[in-house]
Amino acid sequence: MPGDGRARFVVQRHRARRLHYDLRFEIDGVLVSWAVPRGPTLDPSARRMAVHVEDHPIEYLDFEGVIPAGEYGGGDVIVWDIGTWEPHATDDPAAAVAGGELHVDVFGEKLRGRLVLVRRGGPVRSGDREQWLLLHKKDEHAVDGWDPEDHPRSVVSGRTNEEVRADPDKLWRSDAPAARASVDLRPAAPLGADALLALDDLGAAGTWVVHGRELRLTNLDRPLFPGRDGQPPVTKRELVRYAAAIAPVVLPYLRGRALNMHRFPNGADKPGFWHKALPGHAPDWLPRWDNPEADRGESRTYLVVDEPAALVWAANFGALEWHAWTSLTQDQRRPTYALVDLDPGERTSWDDLLVLARLHRTALEHLGVRGQAKVSGRRGIQIWVPVRRTGRGAPDFAETRAWVERLSKSVGAVVPELVSWKWGKGSRGGLARLDYTQNAVNKTLVAPYSPRPAPGAPVSMPISWAELDDPSLRPDGFPLRTAVERVVERGDLFRPVLDHDQELRPLT
Ligand code: MN
């Protein structure tokens with residue numbers, strides 16, 4: 001098994017556009033790979049087509065999880081088999097691959113015995129991938145009629161592809177360097193006690209090493225949020241600590257997106273302002289993006305929270321509220337979510353808002369469309385519906401806006417006494433607005449887990465759909481001081497919005 005010095009192999013069952021099995025051998029520090037549509041087998045009479053594909057980084061060897069839709073290989077992956085292998089009749093397997101014939105003995109949990117890979121004859125057009133044949137020798141491990149699909153579970157987790165997709169542990173970012181491509185989707189372990197102590201030991205200012213970066217922190221004892229229910233105000237030190245603790249959880253919702261910062265450097269009870277441009281004094285390591293479509297006078301360089309320390313930097317910069325764009329920087333005109341914003345008016349009670357939220361829940365269920373809800377941290381509820389990001393069925397902003405408008409208007413028609421479609425706040429008569437207009441480039445809703453500028457620093461907390469029926473639910477009921485605890489207990493309830501393989505069903 002891995003670690004005993006022998007080279008390793010893995011077979012991953014990969015549901016991408018088509019189901020296939022990836023057979024990978026560790027050779028000279030990379031994974032030399034074939035995609036086998038019908039999978040490897042112990043059946044000595046089977047001849048399986050195997051497409052020679054790109055070498056993969058060694059870090060991918062035990063990857064099991066999801067690859068975002070729209071990225072290379074988007075889908076789900078399990079470690080179907082893993083073990084060690086030895087080349088047969090050669091001690092230069094790289095040369096054997098180049099020569100078009102590789103014989104190996106494999107020592108896996110499912111696969112045992114001798115496999116042969118042979119390149120098929122005939123000219124290979126440049127750009128085409130080489131077609132090979134995979135077969136199992138008739139040896140003592142051969143089993144007539146053996147079918148990999150009869151053995152569908154992961155050898156590391158015991159789970160099927162379906163089970164991993166429903167609740168993945170990891171996500172693979174093929175656009176990141178291999179060492180950082182595997183992203184842990186489980187709630188972050190509480191920050192190390194050492195890091196917390198070091199933050200508490202700083203005076204009003206100092207240098208803190210967190211998430212691998214040295215950050216210069218200032219005004220740590222400044223109260224930023226008024227206290228709530230007789231509690232002391234929430235200080236900047238607490239905001240910085242929260243940002244550091246929640247960063248690994250919130251990162252998937254911020255990564256690859258421009259961040260609009262809502263700053264309140266003098267505290268949440270003083271006027272705040274939008275700060276979009278990354279300031280000139282920002283440290284060089286901060287990930288950033290230049291908007292090529294910025295008009296003159298418009299912000300051009302944005303912060304992109306691609307690593308946890310960048311969020312800590314933003315918190316120290318006085319960004320109490322985090323608003324990531326709905327589109328990715330690589331394709332800013334393409335939304336990744338359709339956003340439903342249930343915005344209460346002055347006369348809208350919390351019960352009224354719950355009625356509207358439950359009607360949206362029912363409508364989405366009826367349509368068979370997945371969406372996740374979160375409380376806004378103020379008085380509202382928002383629903384994020386992930387959409388396909390590339391290719392056929394990937395909507396533009398006009399389409400998500402029109403879809404949400406139709407959805408919300410059909411809900412509003414059920415309870416016309418609760419909803420106004422007037423734009424001006426004054427002309428809404430205190431009624432709720434179902435706001436579909438945020439579905440536009442560079443319009444944002446507050447990010448999940450972001451604090452809001454209000455007493456006690458309530459955060460915009462993801463909720464399960466069932467919690468809409470919990471009488472203790474409050475839109476601002478998750479203060480920063482206990483938010484991490486809830487996430488550790490409940491997990492990240494928002495994660496399903498990261499699966500973008502969804503087409504919006506037309507509403508009729
Ligand atoms: Mn694959």
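Which residues does Ala-394 touch, not counting residues up to four places away in sequence? They are Arg-334, Arg-388, Arg-389 and Glu-399, where contact means heavy atoms within 4.5 Å.

This is a predicted model, in which local features need pLDDT of at least 70, side-chain atom pairs count only at pLDDT 80 or more, and totals for chains, interfaces and linings use all residues. Residues are numbered from 1 along each chain as its sequence is written, and side-chain values use heavy atoms, with hydrogens and water left out.

Ala-394 belongs to the loop between strand 23 (381-386) and helix 8 (397-412); helices (H or I, at least four residues) and strands (E, at least two) are DSSP runs, numbered from the N terminus. Its C-alpha atom is separated by 7.1 Å from that of Glu-503, 109 residues apart along the chain.

A manganese ion is coordinated by His-14 (ND1), His-20 (NE2) and Asp-22 (OD) at 2.1 to 2.2 Å. Donors are N, O and S atoms within 2.8 Å of the metal (3.2 Å for Na, K and Ca); water is not among the atoms, so sites may look incomplete. The donor residues follow the sequence spacing H-x5-H-x1-D.

The table lists buried residues, with buried meaning under 20% relative accessible area, exposed over 50% and partly exposed in between (1.4 Å probe, protein chains only).

| Residue | Relative accessible area |
|---|---|
| His-14 | 5% |
| Asp-22 | 4% |
| Ala-394 | 11% |

Lys-236 lies in helix 5 (residues 236-254). Beyond its neighbours within four places in sequence, Lys-236 is in contact with residues including Thr-218, Arg-222 and Asn-316.
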